[in-house]
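Here are my notes on this one, as promised.

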Amino acid sequence: MPVLTGKELRIVGFLCNWCSYGGADTAGVGRFNQPTDLRIIRVPCSGRIDPLFIAKTLINGADGVLVSGCHPRDCHYAEGNFYARRRLEVLKRFLPILGIDPARFDYTWVSASEGQRWQKVVTVFTEQIHALGPATRHENVSPELLAKVASAIQGGNRVAA
Amino acid sequence: MSRLDALKTRIKEALPGLECVIGWQKGYDALHNTPLFIRGEADVDKLEWGALNVHNPAVYLPSFAGKKVGVVVKGCDSRSVVELLQEKLIDRDNVVIFSAGCDGVVDIAKVRAKLAAAGLNAGNAEKVAVDGKTVTVTAAGKAVSMPMAEVAADKCLRCQFPNAVLADAFVGDPAPQVQAAPAADADLAALDAMSVPERMAFWRYHMDRCIRCYACRNACPMCVCRDHCIAQSREPHWLSQEDSVTEKLMFQVVHAMHLAGRCTECGECQRACPMDIPVLALKKHLNRTIHDLFDYQAGVDVAAIPPLLQFKLEEDNIKERSW
Amino acid sequence: MAEKIGVYIDESSVAPLLNAEELAAYVKEKCGGACPIVKAHKRLSSPDGVAMIKADVDAGELDAVLICGTSPRVDWDVFTFGDKVLVDRVNLREFVTLSYKNPDGSSVAAGGPIPAELRSMVQDYLRMGVVKMQKMNRPNPELPETNRTILVLGGGFTGMNAALAAAGAGAEVILVEKSDKLGGRAAGLYKTFPMNYPYLEATDTGIDRLIGLVTGNSRIKVRLNTTLKLLAGAPAMYEATLASGGNEEKVPVGSVVLAAGWTPMETEALAPFGYGKFKNVVTSAEFEAMVKAGDIKRPSDGKEPKTVVFIQCVGSRDKSLDRPYCSGFCCMYTAKQAILTKDHIPDSQSYVFYMDIRSPGKMYDEFTRRAMEEYGARYIRGRVAMVYPKDGKMIVRGADTLAGTQVEVEADLVVLAAGAEAAKGAPQLAEKLRISYDKYGFFMESHPKLKPVETNTAGVYLAGSCQGPKDIPQSVGQGSAAAAKVLALFSKDMLESDPQISRVDIKRCVGCGKCIMTCPFKAIKEVEFRGQKKAEVIETVCQGCGICTSTCPQGAIQLSHFTDNQILAEVNALCQS
């Protein structure tokens, strides 16, 4: 099923089972209105999220990735979200050098009882992605831009040189 | 006694207790040195020391795991050894580190370009003489002098570690520091100056050329997975074998992320690339990020815990967004 | 790797927005090759639904079962079919039908056309579920040791009853109480309103007898002055960190019953009635203590009060205080206190200001009538406007809404029926256990009718007033119900299904030990294998977080049920569409 072109964007969420997945459940049970672009992948802990999952998702054309775990100090596994915070922050700062707008990725913390916070996070993030519009895929990079960067590079194909 | 002779003396002394000593020797032409594996005293005299020792011999150390070996290192190479020790990929009791002050190595590509500018083919190089700040290459009977500063490897221009950070046998006088503080990295500056869409185009442009030879990975002293790299495995199956820019770029992302907090910027990945893809820039950027976030530099302290394998309850430099 | 997946769609989760049969047809069309059986059922978690799946499993047609309906956090113990088949869940209820609204905020009209956004959403989740299942590995028959000790938090009426019920069925119980004695709020009561035949007299609470039974039970370990600091792990494999004084201790437990209780309101709600300003305005708890001591006196001068005014709904049913809820038991204990006042001081007169009399329990209404008719308590329906002192008395001025007049009572003593609030620290405890709580701090059950003592954290149950104000009979009932639920959990063979633990591919492991460094549970050790260093998971210690899996660069250590390949299958299903 293709994404509904023009209406929806592809946003992938990685949610820890114990807090944020529960928070999203709580939002559902509370019937909190949410945008419909997000698809959620359940993981046991934010510490399970290899930043490469996010990189792969974005490089392969997703328009946004949202990660949510337990609040710091409330991790079901005590420390998972602390590792996650470091890894995810490094990734967030790495994305722009790959040519991916860092605003396409965010990570946050939502507890199982915070249905309303989850609603807000999803809504704000989805609006943010819609403001950015669909992500450019590598095959769609414009010839003009390609020519520009190619001519910017001189002998030896080094970046600067 | 020259640094080279002093190194040879120390290696000869230690050799009886070692499986082998890894260093450099003359290569197939005057311009190239290649790795040397010293197994007997006769091999010691093949050792070279100087501006053509571009390889990082630390890359071979994990394959000698369990055996006692020696390794001759430049300052930058020693950081790889430190990193391997820190990660317990090699055993301190099983490695003897020989080193001397390093005055920098050349970038063969730059030398090749200089020769080409003088109308010469690098393949005809007959003799290379390095004298302080000048490199003189003789090719087809004609000598071309070039300032070291113009043909040195990029990393040498910004070198902070001309002397080994860890050595069992350090010979001769320490080499002088190139400069007090490293100049801004030109590659990063160039990428920083681009817009985000331009950077995507940049990688599209470069990764298009990638032939998936994995030379970048095989040259990397920190890529210890070797036969079990996730780029080529089915369990787990991270990458397809499709020759697409996204899959090829994804591999570079895998390599860079796996090196986050571990890469010493020895530059072997980029040097080894037969397609001249500037893959080191990704690692440089991550190193800058790691340094900004965690005030950490890889390969200087065997006892340090890498930043991604630890955490603080309150991070000093991570500002989380509010909703 | 699952190759023959039975896909079951729960109609009760998707209706009326979506048609379960249509979803089944979609799965057959898109994933039919991997899914020989695709069925819809009215309610999969019903005995009939489970029996239907079980029949297919027993017929040997399947190697995996995919339940598409409620969240995997719900009914997690219902869908277990032994170790022959893999089981996974697709959340179509909480994530799709419950949370879906049209982009313009409107609800979907039942029976109308299905919006494209909704269709796309449900189809994505179904495909993700199937591809993830296809990458799931076969269960491992090796089982970790399980623990069936029950940790009861709260040594009040509810907690003690839960502990006794569980211990009576042979379970080992650890009863943790944060204060220095058992009994909870009931220990402060002189008597309770009648709870047994002939339902006429206020009766002894029975708390002392209960404490005796608990402390005398060899299966119940009572831990006073103790709190829960952390709960890690999974049902039958939890590890509770208990803090007592400055000491911490890690205790293995199988499940948790929460009976954290309630606390009487002590806030600004009492101030308008002069509490804190005038000595002769007391709370009902303070009055109860006087009765219990057999010494009903005015605090100001120690004289016996002849006129006592009880004011109900102080801090209850009050939107201006953000306490709109009824505290439930105040009507009954106020009637009891009016009766006890007459018992102790025969020439006294009680007045009760009330909003409504809420006495729906068995024989409760009869009891409040006795307070009025036999004990002469005067019930005045109306709110009290002000309480002020005059000539050594307290003047209580209020409305009598039935008579349509203002009333003034000269009282010797004013008793405020302060409302019930969640126990202090309840939200913090809920966060530790990852269960939901409402804005007042009361814990939320899984479902008010279907799962009243269960929470959405597997293996954690709740009982009593921590969920909302309850009287003693209700609390006892819930304590026993929670114990029964835990025992039912332990009676199942769900503990024999494949545990969610990490496993090392010894060929891929290079022995770098990064997983050992990051494991929060020290569940990975270094071993020698043919002269090489390798990592090995201690299966009984592994809690299944997967930090190791995302730490290992060569993917040599994989968390079962959440392997790289499973997550990548989901990512690919979403990105390649």
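This is a predicted model: local features need pLDDT of at least 70, side-chain atom pairs count only at pLDDT 80 or more; totals for chains, interfaces and linings use all residues.

1. Chain C in outline. Its C-alpha atoms fill a box of roughly 90 × 60 × 40 Å along the principal axes. I get 15 helices and 26 strands for chain C. Of its 577 residues, 53% are buried. If you take the contacts in chain C with a separation of 6 or more, 67% of them join residues 24 or more positions apart.

2. Where does chain C touch chain A? The contact involves 46 residues of chain C and 50 residues of chain A. On the chain C side, the elements that give two or more residues are α4 (93-97), α5 (116-134), β8 (226-232), α11 (426-433), α14 (547-551) and α15. Helix α5(C) supplies the largest share, eight residues. By type, this side of chain C splits into 23 nonpolar, 15 polar and eight charged residues.

3. Chain C against chain B. Here 16 residues of chain C meet 16 residues of chain B. On the chain C side, α13 (514-518) and α15 (564-575) are the elements that give two or more residues. That side is made up of six nonpolar, seven polar and three charged residues. Keep an eye on α15 of chain C, then: it is listed for the side that touches chain B and also for the side that touches chain A.

4. A helix worth a look: α7 of chain C (residues 207-215). Which of its residues are buried? They include Ile207(C), Leu210(C) and Val214(C). These sit on the same side of α7(C), because they cover an arc of only 55° around the axis. The buried residues of α7(C) pack against α6 (157-168), β6 (173-176) and β7 (220-223) of chain C. On the face turned away from that buried side you'll find the exposed residues Arg209(C), Gly212(C) and Thr215(C).

5. The nonpolar cores. The largest has 283 residues, and the members that touch the most others are Val71(B), Val257(C) and Leu258(C). Helix α3 (residues 80-98) of chain A gives this core its largest share, 10 residues. A second, separate core of 49 residues includes Phe353(C), Ala377(C), Ile380(C) and Ala411(C).

6. Domains of chain B. The assignment gives domain 1 (1-105 + 155-179), domain 2 (106-152) and domain 3 (184-316). The centres of domain 2 and domain 3 of chain B, taken over C-alpha atoms, are 31 Å apart.

7. An annotation on chain A. An unreviewed UniProt entry lists residues 11-133 of chain A as "domain: F420-non-reducing hydrogenase iron-sulfur subunit D". In the model, that stretch of chain A is 46% helix and 19% strand, with its end C-alpha atoms 12 Å apart.

Definitions and conventions
Residues are numbered from 1 along each chain as its sequence is written. Chains are lettered from A and ligands numbered from 1 in the order in which they are written. Two residues are in contact if their C-beta atoms, placed from the backbone, lie within 7 Å. Helices (H or I, at least four residues) and strands (E, at least two) are DSSP runs, numbered from the N terminus. Ala, Val, Leu, Ile, Met, Phe, Trp, Tyr, Cys and Pro count as nonpolar, Asp, Glu, Lys and Arg as charged, and the others, Gly among them, as polar. A nonpolar core is a set of buried Ala, Val, Leu, Ile, Met, Phe, Trp, Tyr and Cys residues joined through C-beta atoms within 7 Å. A residue is buried if 20 or more other C-beta atoms lie within 10 Å of its own, exposed if 12 or fewer, and partly exposed in between; C-beta atoms are placed from the backbone. Domain bounds come from an automatic or database domain assignment. The arc is that of the directions from the helix axis to the C-beta atoms. UniProt positions are given in the numbering used here, feature names are shortened, and annotations may be inferred rather than shown by experiment.
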